[in-house]
Amino acid sequence: MGTIFAVANQKGGVGKSTTVVNLAAYLGSRDYKVLCVDSDPQGNTTTGFGVKKKTVTASTYDVLIGKTRIQDAIIHTDFKNVSILPATEDLAGCEIELINFENRVNRLKMQLLTCKLDYDYIFIDCPPALGTITINGLVACDKIIVPMLAEFYALEGLSQLVNTIKIVKSNYNPSLDIQGILFTMFDGRLNVANDVVSEVEKYFPGKVFNTKIPRNVRISEAPSHGKPVMYYDKSSKGAEFYELLGHELLGEAQELPKKKRRGIFSFSK
């Protein structure tokens with residue numbers, strides 16, 4: 001039975017979609033069957049896999065309101081073993097529509113239960129808000145991956161997310177837990193970045209990924225080509241670090257050179 005990860009942070013621009021796209025691509029290349037659920041109205045995960053929204057006939061919106069079965073909305077991407085439940089602009093109005101539905105926070109979970117056995121890993125790209133759609137992701141998942149920037153303002157957002165997790169855990173999903181906090185766009189040369197990492201590690205011992213994704217040109221360029229970074233430039237540092245993250249998620253120890261741990265490749269290829 002597949003493990004479901006919600007990739008969540010109510011703060012935007014922290015690399016949620018980028019993490020979903022690149023982790024899924026790496027795991028797919030390792031022969032794991034992966035499903036990505038794009039539940040963000042911006043649809044960045046959808047475009048990140050080269051899916052043109054104008055060609056989408058059924059989306060996450062249709063699944064959440066019960067118009068379509070999830071199996072009928074899933075699209076196979078051009079990338080090995082990766083499928084996606086795409087998002088379109090229709091999803092933007094879904095928060096309001098869901099108010100009128102019974103069990104509105106369980107709708108994604110009930111759909112995923114019908115296909116969970118078909119995949120090894122399922123990643124839910126949650127929107128940058130703590131609304132009903134994000135709550136659906138937290139109720140449906142087994143674990144949460146929290147991408148965040150190494151900035152002090154990000155600590156406030158993390159605190160709010162943790163409070164939401166506690167509410168969801170006590171009311172809807174007792175086994176809910178954080179798989180890991182992932183620092184993205186990381187530059188270890190900055191004192192403030194290292195201070196934030198230390199602060200988070202103090203309050204969340206054992207919950208911070210050792211791998212920290214650097215700020216990287218190829219990671220930024222890849223979505224405009226509709227490709228995960230490993231398919232856009234396999235030799236780039238961005239591809240290398242998401243591969244390291246994949247190893248870590250799978251529990252495969254990989255020694256990371258000290259220079260890379262310090263993030264000195266922040267502005268590299």
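Predicted model: local features only at pLDDT ≥ 70, side-chain atom pairs only at ≥ 80, totals over all residues.
## A walk around helix H8

Residues are numbered from 1 along each chain as its sequence is written, and side-chain values use heavy atoms, leaving out hydrogens and water.

Now colour by secondary structure: the chain has 13 helices and seven strands (DSSP runs numbered from the N terminus, helices being H or I with at least four residues, strands E with at least two).

Next, select strand S6 (143-148). Five of its six residues are buried (under 20% relative accessible area, 1.4 Å probe, protein chains only). On one side, look for strand S1 (residues 3-7), which pairs with S6 in the parallel sense over three bridges (pairing needs at least two DSSP bridges). Phenylalanine 5 has lysine 143 as its bridge partner in S6. S7 also runs parallel to S6, joined by six bridges, and here lysine 143 partners aspartate 177. From S6 the chain crosses through H8 to S7 in a right-handed β-α-β crossover (clockwise from the first strand over the helix to the second, with the strands pointing away from the viewer).

Finally, select H8 itself. Its buried residues include Ala154, Gly157, Leu158 and Leu161. What do the buried residues of H8 pack against? Helix H7 (132-140), S6, strand S7 (177-183) and helix H9 (191-203).

Key. Buried < 20%, exposed > 50% of the residue type's maximum accessible area, 1.4 Å probe, protein only. Contact = heavy atoms within 4.5 Å.
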